[in-house]
Amino acid sequence: PMSNLTFAERHIVQGIPPVADALSGTVYSDVVNVKDYHVARFILQKGVGTTGTSTLTIEACDNAAGDNPVAITFNYQKYDNADDVPDDVQAATTAGFATTAGSNHLYVLEAETQRMGSKKWIRLKAVEVVNDPVLAGVLIELLKPRFAAQVPTTVIA
């Protein structure tokens with residue numbers, strides 16, 4: 001019988017392991033290869049943090065080293081205070097958007113890989129705006145694969 005499980009429909013990568021002061025200064029997620037996927041989703045989970053904020057952008061790159069990054073447009077939703085109903089979907093320009101100060105926020109950012117031109121590697125960039133430690137981590141979820149596989153091939157270098 002057909003399964004409703006989604007293992008063959010997505011590939012998950014730990015972009016930034018959860019850690020205290022995860023977004024200090026300028027940080028980048030792991031760079032992943034999206035040549036076999038139509039959508040890259042970045043999930044930023046913020047735990048404890050009172051005043052720290054960051055500007056989030058998504059960059060298309062030439063390779064796993066993140067060479068020649070170019071910011072691309074994307075869409076995102078914010079979940080407040082561990083709520084399960086998010087704000088409306090927002091369109092972000094290449095300048096990205098600033099996170100909100102406070103604890104227990106979830107941000108879901110999605111980029112269509114067709115917006116990347118000839119580049120096949122992608123990452124999340126976070127630039128600290130208000131310097132105050134934030135416990136956070138980032139998951140990268142690659143969606144809508146060109147070829148479904150329950151155990152996908154690697155997308156990191």
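## Histidine 105 and its surroundings

The side chain of histidine 105 reaches the backbone oxygen of threonine 100 at 3.4 Å, a polar contact (a pair of N or O atoms within 3.5 Å; within protein, one must be able to donate a hydrogen and the other to accept it, and residues adjacent in sequence count only if both atoms are side-chain atoms). The model is predicted: local features need pLDDT of at least 70 and side-chain atom pairs count only at pLDDT 80 or more, whereas totals for chains, interfaces and linings use all residues. Residues are numbered from 1 along each chain as its sequence is written, and side-chain values use heavy atoms, with hydrogens and water left out.

Histidine 105 belongs to strand E10; helices (H or I, at least four residues) and strands (E, at least two) are DSSP runs, numbered from the N terminus. With a relative accessibility of 5%, histidine 105 counts as buried (buried means under 20% relative accessible area, exposed over 50%, partly exposed in between, with a 1.4 Å probe and protein chains only). Apart from residues up to four places away in sequence, histidine 105 touches Leu44, Gln45, Lys46, Lys78, Tyr79, Asp80, Asn81 and Thr100, where contact means heavy atoms within 4.5 Å. Lysine 46 stands opposite histidine 105 in E10.

## The sheet

An open sheet is formed by 6 strands in the order E1-E12-E4-E10-E7-E8, with antiparallel pairing; two strands pair if DSSP finds at least two bridges between them. Its edge strands are E1 (10-19) and E8 (90-92), each of which pairs on one side only. From one strand to the next, the twist averages 20° (axes are lines fitted to C-alpha atoms, for helices over the stretch in contact, and angles run from 0 to 180 degrees between N-to-C directions).

E4 pairs with E12 over 9 bridges, and valine 39 has leucine 143 in E12 as its bridge partner. E4 is also joined to E10 by 8 antiparallel bridges. Strand E7 (residues 74-79) and strand E10 (residues 105-112) are connected by 5 bridges, and lysine 78 stands opposite tyrosine 107 in E10.

Leaving aside neighbours within four places in sequence, isoleucine 58 is in contact with residues including Phe42, Phe74, Leu109 and Ile122. In soluble globular proteins, nonpolar side chains tend to be buried together.

## Salt bridges

The structure holds 8 salt bridges, each a side-chain nitrogen of Lys or Arg within 4 Å of a carboxyl oxygen of Asp or Glu. The table includes three of them.

| Pair | N to O distance |
|---|---|
| Lysine 35 and aspartate 36 | 3.1 Å |
| Lysine 125 and glutamate 59 | 3.8 Å |
| Glutamate 112 and arginine 115 | 3.0 Å |

Lysine 125 lies in strand E11 and glutamate 59 in strand E5, so this pair ties together parts that are 66 residues apart in sequence. Glutamate 59 is buried, at 7% relative accessible area. Glutamate 112 is partly exposed at 34%, as is arginine 115 at 31%. Arg41, Glu110 and Glu141 are linked in a network of salt bridges.
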